[in-house]
Amino acid sequence: MRFQHNPLFINTILLSGTTEEKLRAAAQAGFSQVELWRQDVDSAEDKARSVVSVLKEQQLSLTDYQVLLDFDGAPDEQREEKRRDALKMMDTAVVLGATTLLVPASTQKECIAGREEEDLRWLVQEAGNRGLRVAFEAMAWSTHINTLAAAWQLVKRIDEPNLGLVVDAFHIFVRNRTIADLNGIPMEKIFLVQLSDLAALPSGSELVETARHHRLLPGQGHFPLYTLLDYLEAEGYSGPVGLEVFNDEIKQRSPSDAAREAMHALKRCCAQTTLA
């Protein structure tokens, strides 16, 4: 199987239950890392302190702490509030023992394109002061930076060692784009790889709804995930590989059952090199 030595993670968004139940289910299914949401911390008993305790107990580490939304290019009336929120998230990440903060490109209609680079530079510097990395993600519905190739151009211009990319299969393939978007990106600038699948491409008006409720586990749809994994393997990618699957139906199951099914799907996907 490919990526035998890469950390395998699951995003807690797929799992039901309390934060503690999600973390235990992930560990029992064989994941070594989780992507943790700020809501997981806010809803935990004793908040960050109890989360740290369960992470240690289950020998789990954090792929990233997420998600800092609509930060880059924020309009004047929101900019300072966004920066205060970012500082709070980064301080919590440090307490949790996270190394990486996940930041998607802004989806606000009011996003100021000429300010995105300046804002991200500020964030990267503040993160560096705390020993954190920033994983920047282009989402398919982001206002200006909505492809991996566009995100890479911004990351390359800023050129800081603690700034890298999220490669999310959903946001590549849902826009009918290909792994050509990865051309020229050094593997060390990819901080994590998120996998999911989809049976059919949504219409433009259904994109966000599909993304947030109806993604599938790898192998349950028709995304050419093997092309992405083949490329990453050939280029020597050694970072985390895992699942970010927003799926309301799976989330209704017990966290242990959902986590086991997710791990099975991830391992099966990593073993695939050609279309079944």
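A residue is called buried when its relative accessible area is under 20%, exposed when it is over 50%, and partly exposed in between (1.4 Å probe, protein chains only). By this rule E206 is partly exposed, because its relative accessibility is 43%. The structure is a predicted model, in which local features need pLDDT of at least 70 and side-chain atom pairs count only at pLDDT 80 or more, while totals for chains, interfaces and linings use all residues. Residues are numbered from 1 along each chain as its sequence is written, and side-chain values use heavy atoms, with hydrogens and water left out.

Helices (H or I, at least four residues) and strands (E, at least two) are DSSP runs, numbered from the N terminus. E206 belongs to the loop between strand 7 and helix 8 (207-213). Its C-alpha lies 29 Å from that of V155, a residue 51 places away in sequence.

The expected span of a helix is taken as 1.5 Å times one less than its number of residues. Helix 4 (residues 76-96) has 21 residues and should therefore span 30 Å, which agrees with the 31 Å between its end C-alpha atoms. Buried positions in helix 4 are R79, K82, R83, A86, M89, M90, A93 and L96. These line one face of the helix, because they fall within an arc of 145° when seen down its axis; the arc is that of the directions from the helix axis to the C-beta atoms. On the face turned away from the buried side, helix 4 carries the exposed residues E77, E81, R84, K88 and V95. Contact means heavy atoms within 4.5 Å. The cover over the buried residues of helix 4 includes strand 2 (33-37), helix 3 (47-58) and helix 5 (116-129). G97, which follows helix 4, has a positive phi, near 85°.

A nonpolar core is a set of buried Ala, Val, Leu, Ile, Met, Phe, Trp, Tyr and Cys residues joined through side-chain atoms within 4.5 Å. The largest such core has 90 residues, and F31, L123, L195 and L232 have the most contacts inside it. Helix 11 (residues 255-271) provides the largest share of this core, 8 residues. A second, separate core of 10 residues includes F9, W37, A135 and F246.

Helix 11 has 17 residues and reaches 24 Å from its first C-alpha to its last, close to the expected 24 Å. Its buried residues are P255, A258, A259, A262, M263, A265, L266, C269 and C270. Seen down the axis of helix 11, these residues fall within an arc of 165°, so they line one face of the helix. Among the elements against which they pack are strand 1 (8-11), helix 1 (19-28) and helix 9 (225-235).

On a 1 Å grid over the protein atoms alone, a cavity is a set of points where a 1.4 Å probe fits but cannot get out, and its lining residues have an atom within 4 Å of a point. Grid points are joined across faces, edges and corners, and a volume is the space filled by probe spheres set on the points. The count is 1 cavity of 30 Å³ or more, and the largest cavity holds about 70 Å³. Its lining includes L148, R177 and D181, and strand 6 (163-168) gives the most, with 3 residues. A149, in helix 6 (residues 148-158), is in contact with R177 and D181, leaving aside neighbours within four places in sequence.

Key
On a 1 Å grid over the protein atoms alone, a cavity is a set of points where a 1.4 Å probe fits but cannot get out, and a pocket is an open set with protein on both sides within 12 Å along at least five of seven lines; lining residues have an atom within 4 Å of a point.
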